[in-house]
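Welcome! Here is a short briefing on how two parts of one chain meet. Take a look at the structure first, and then we can go through the interface together.

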Amino acid sequence: MERVFLSPPHMSGHERELLLDAFDSNWIAPLGPHIDAFEREFAALVDMKQAVALSSGTAALHLALILLGVSAGDEVLTSTFTFAATTNAITYVGAKPVLIDSEPTTWNMDPDLLADELRARARRNRLPKAVVIVDLYGQCADYGPIRQTCARYDVPIIEDAAEALGATYAGRPAGAFGALGVFSFNGNKIITTSGGGMLVCDSEYLAERARFLATQARDPAPHYQHSQIGYNYRMSNLLAAVGRGQLRVLEDRVAARRANFEFYRSELADLPGIDFMPEHHRGRSTRWLTCLTIDPRRFGATSEDIRLTLEAANIESRPTWKPMHLQPAFSTCCVRGGAVAEHIFQHGLCLPSGSSLTGKDLSRVANIVRDIGSRRLPKRKAA
Ligand SMILES: *Cc1c(COP(=O)(O)O)cnc(C)c1O
């Protein structure tokens, strides 16, 4: 049986054409017309004035923190339930992540815990330099209360929307809820350039500074003059061409991933002990990954049993993210709460969710999960 991957790249045909155009024009690197066009098209899509194409989502996070003036000794609040790139970037500037638990309704940062933490810190005169809000698995955090709270304490938001391109909340696109938004085009994201990222904002000043820092911070002088430390973080023109092709089919990709989720739910939701990741009533998730939690006592098997059984059938699935407060690299970070993220980690599973999955693939996965679930149940009487 051919392997079913968790979330493989899915090209449309446009990418090859645009890539060859870039190649034949000899705008190979570093920059070029596809970069400018990709940035323009991307900014319009996420309803922000500026977009800066970069070498990765992690690079975009790093620059976002620098642009907000976060530096050594500062503290930055973020979700404990995230991928390590978020917390890694905070340490790159010498700051310390302060980890906040998730809420069960979005699996993203709990707005009440965020308010508690900021209130406590305001009292001690220890407000953080920034808050990085993560939109996990294709779903925006609950930005209504989150933005209100951050505005009250005048703490800027960086939105880590690496997993949420194409999602919306209250009708607004993911990436548009902070001073700066971050996206990733890594190989398993909803669209990919093989590797790459985007930083978005409304401020032309910040976008220009990001471009400056991402090209080794060269001062305007014919000789190479540097009064600040820079980085080599720009995207290549070739990859921007691929990104433009992918952008054209983003809506199809979102529709396909949501259809995957609906299929799994229709096939599996009646099994006892299975809960699918909820969708906030104000948001539209892309369902980048179809995630669920398993209550082993009711289901009769653990999420790890399911993962191993799928693996034996050559199907890739993955546990949900291991919270940062449980990671050795971040074990000394302060954490507020943590039990919700721990529960999701302990019982969570991401099913194959690629936009190129066939109906046959989806049935194969669902049948195996169903089988495990029903095998352990007492036989039901035939109707
Ligand atoms: C993928 C991802 C990133 C990092 O993106 P890269 O392009 O791989 O550097 C950051 N944050 C989250 C939540 C991610 O899932």
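How much area is buried between domain 1 and domain 2, and what percentage of it do carbon and sulfur atoms give? In this predicted model, about 3700 Å² is buried between the two domains, and carbon and sulfur atoms account for 61% of that area. On the domain 1 side, W107, Y137 and I190 together supply 22% of the area buried against domain 2, more than any other three residues.

**The two domains**
- Domain 1 covers residues 14–249, and domain 2 covers residues 251–374.
- Their centres, taken over C-alpha atoms, lie 26 Å apart.
- The contact involves 43 residues of domain 1 and 40 residues of domain 2.

**Polar and charged links**
- You will find 1 salt bridge across the interface of domain 1 and domain 2.
- A salt bridge joins the side chains of E117 and R336, with an N to O distance of 2.6 Å.

- Four elements each supply at least two residues of the side of domain 1 that touches domain 2: α4 (84–92), β3 (96–100), α5 (111–123) and β6 (168–169).
- Of the residues on this side, β3 gives the largest share, with 5 residues.
- Sorted by class, the side of domain 1 that touches domain 2 holds 21 nonpolar, 14 polar and 8 charged residues.

Key: Residues are numbered from 1 along each chain as its sequence is written. This is a predicted model: local features need pLDDT of at least 70, side-chain atom pairs count only at pLDDT 80 or more; totals for chains, interfaces and linings use all residues. Side-chain values use heavy atoms; hydrogens and water are left out. Domain bounds come from an automatic or database domain assignment. Contact means heavy atoms within 4.5 Å. Buried area is the accessible area (1.4 Å probe) that two parts lose on being put together, summed over both. A salt bridge is a side-chain nitrogen of Lys or Arg within 4 Å of a carboxyl oxygen of Asp or Glu. Ala, Val, Leu, Ile, Met, Phe, Trp, Tyr, Cys and Pro count as nonpolar, Asp, Glu, Lys and Arg as charged, and the others, Gly among them, as polar.
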